[in-house]
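Subject: Structure for your review

Dear colleague,

Please find below the structure I am handing over to you.

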Amino acid sequence: MRRREITASISFLVLALVSLEEALKLPVGNWKVPGPGFFPIVLGFVVLALAASSLGAALVQGKTEPSPVPLFVSSTGKRRVWLAVSALIGFNLLVDVLGFLLTTFLFLVVVIRLLSCQHWKILLSISFLLSVFLYVLLDLFLKLPLPKGSIGF
Amino acid sequence: MDILANVMLGFSVAIEPANLLLCFSGVLLGTLVGVLPGLGPVAAISLLLPLTFKISAAGAIIMLAGIYYGAMYGGSTTSILMNIPGEAASIITCIDGYKMARQGRAGPALGIAAFGSFIAGTFGVLGLTFLAPWLGRAALRFGPPEYLALMLLGLTLVAYLSRGSVLKAFMMAAAGLWVGTVGSDPITGHQRFSYGSVTLMDGIGIVPVAMGMFGIAEVLENIEKEVTGEIYQARIKGLFPNLKDWAESFGAIVRGTILGFFVGLLPGPSAAIAAFSSYAMEKRLSKNPQSFGQGAIAGVAGPESANNAATAGAFIPLLSLGIPANLVMALLMGALMVHGVQPGPLFISEHPDLFFAVITSMYIGNIVLLFLNLPLIGLWVRVLKTPYFLLSPVVLLLCLTGAYTLNNNLAEVAVMIAFGVIGFFLRKFAFDGTPFLVALVLGPTLENNLRQSLIIARGDLSIFVSRPLSMVLILAAGFLLLDSAFSWIRNRKYRPVIDEA
């Protein structure tokens, strides 16, 4: 936990320093007429102070934990999470090219396969039916403007 | 009589067939999502919010309000039948509710939760009807310094009462305020932190952030841990509590209603605080306190009434002051702003039809909730059994679709995914996302009021303490900050927000 506290504090410190560096490029104005940079600079210093306090507390705490607690509950869980995130990113990259229906089908195949050990025939059937259902519900029934891609749906 | 006339006006809008259908749909969809393990009202609203973009502002808030209390009730169902709370306010229901289910009394537990929620919700909406317009009129006297002070107090309270470390909560609040500065400066139009990106020029939207941090992150967490629960398997019967159940619950419902309504006015996780406080109060007042934790029906009736009353109470600062008291209200505020409606003191005077339509729809929604959910218990139990490998990808797809349909922009989807990953890791590092999102919602208005105050006072900071109301609010916020600082220095360890009852 101490390592996590230090990592989190440093992340916030970096965020504060980056925001201060960018904010100082903006017109700050003065107390009578604050400019666009005024509030971000104030916030930058607030985050800096809080993150520095958190870092100081974590460093002063010392090495009290007998063994570090892993960030993920298991290696399987970690793998599932990263694959799910990759599937999300893949969906975002492909949907404009392949269209909603096909991309949804591929997404479902990947994620359902990730989460269960279904036989391929069942997996493809479930993915196909679900993607058609979602397409009918969201595009045809609710008329949400979904990406069509190069195949038109 | 003026209020009566406005209530009749509100009914005339709320009972329009389209709005009735939206109320019904909201309650049904909210309960459906709320029943799903691992998803609560925040996820429900985040997921279903994009469905409201194509309808009127009145219809949107009617539907979203229905989704909110539908999801709260759905969360109770999961607590009682699966011992998995849908959200913080349902944690306490697990204790006695699930025990009752194990004793073959799931029906009365679900029934008293529904009736208690209905009674408390109805009285809560009555309170909202009379208190909100009064508070809105009082708030018309607020100037920029008072607004700034009120927002600072609200934000401080949300951070003070959030889960985990207070220091981390304040870091999240400050970070949320900073993220709110991305985009055009509200006064000069100067671009800030947009780096030439067209998407960032409009600022970072509340909806993709909310869907990411509370929808995507929740699902990722459930995917990692493989959320499952043992579902109460026996047939549920006898949904109507008997006379003995009513005798044991009636006092708890009344006390929970009053407690919950006033707690709901306060910023912070009011529904959860109300539920926990009600449980503690009932246990203390009970002639048989050792029955609590063993299936005491008052342990379900009181908290469920309190959290529903708090739900109604939380609408008051949102609609009359434009201050979201908690995360769900922040989402609702974001939804209203998407529809071009700014909640606040002028909201009631400029949009009385909308305000009273929302209130009257809440009356109707409470009735719909009661008559819809009890007969459909069997359906919700079947929904509960949906395998998670089917549920998670559908939820993720709804999030992806929702983020895209905001502005037909894939960049918004990217923002949502990014905040989903950030939100997932923030949970790992024990950071609560609530102060971040509330700050993101309040940030632009807070900055506006700060700069206007300084312009009015020509840079003299004493404006915030020379005006009585502003001074009181600033002092209250300052007191909380000092208390937080001293607590942190003294403890420097995890401080849970709710002590065990």
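This is a predicted model: local features need pLDDT of at least 70, side-chain atom pairs count only at pLDDT 80 or more; totals for chains, interfaces and linings use all residues.

Interface of chain B and chain A

In this interface, 61 residues of chain B are in contact with 62 residues of chain A. The area buried between the two chains is about 5,500 Å², and carbon and sulfur atoms give 82% of that area. On the side of chain B, the residues that lose the most area to chain A are B:M171, B:F389 and B:L397; together they account for 11% of what that side buries.

As to polar interactions, the rule finds eight residue pairs in polar contact across the interface. It also finds one salt bridge there. B:K168 forms a salt bridge with A:E5, with 2.8 Å between the closest N and O atoms.

Several elements of chain B give two or more residues to the side that touches chain A, among them α8 (166–179), α10 (206–225) and α19 (410–428). The element that gives the most is α18(B), with 13 residues. By type, the residues on this side of chain B comprise 39 nonpolar, 10 polar and 12 charged.

Helix α7 of chain B

Helix α7 of chain B covers residues 144–160, 17 residues in total. From its first C-alpha to its last, α7(B) reaches 24 Å, close to the 24 Å expected at 1.5 Å a residue. Of the 17 residues of α7(B), 16 are buried, so the helix is largely enclosed by the rest of the structure.

With kind regards

Note on methods. Residues are numbered from 1 along each chain as its sequence is written. Chains are lettered from A and ligands numbered from 1 in the order in which they are written. Side-chain values use heavy atoms; hydrogens and water are left out. Contact means heavy atoms within 4.5 Å. Buried area is the accessible area (1.4 Å probe) that two parts lose on being put together, summed over both. A salt bridge is a side-chain nitrogen of Lys or Arg within 4 Å of a carboxyl oxygen of Asp or Glu. A polar contact is a pair of N or O atoms within 3.5 Å; within protein, one must be able to donate a hydrogen and the other to accept it, and residues adjacent in sequence count only if both atoms are side-chain atoms. Helices (H or I, at least four residues) and strands (E, at least two) are DSSP runs, numbered from the N terminus. Ala, Val, Leu, Ile, Met, Phe, Trp, Tyr, Cys and Pro count as nonpolar, Asp, Glu, Lys and Arg as charged, and the others, Gly among them, as polar. The expected span of a helix is 1.5 Å times one less than its number of residues. Buried means under 20% relative accessible area, exposed over 50%, partly exposed in between (1.4 Å probe, protein chains only).
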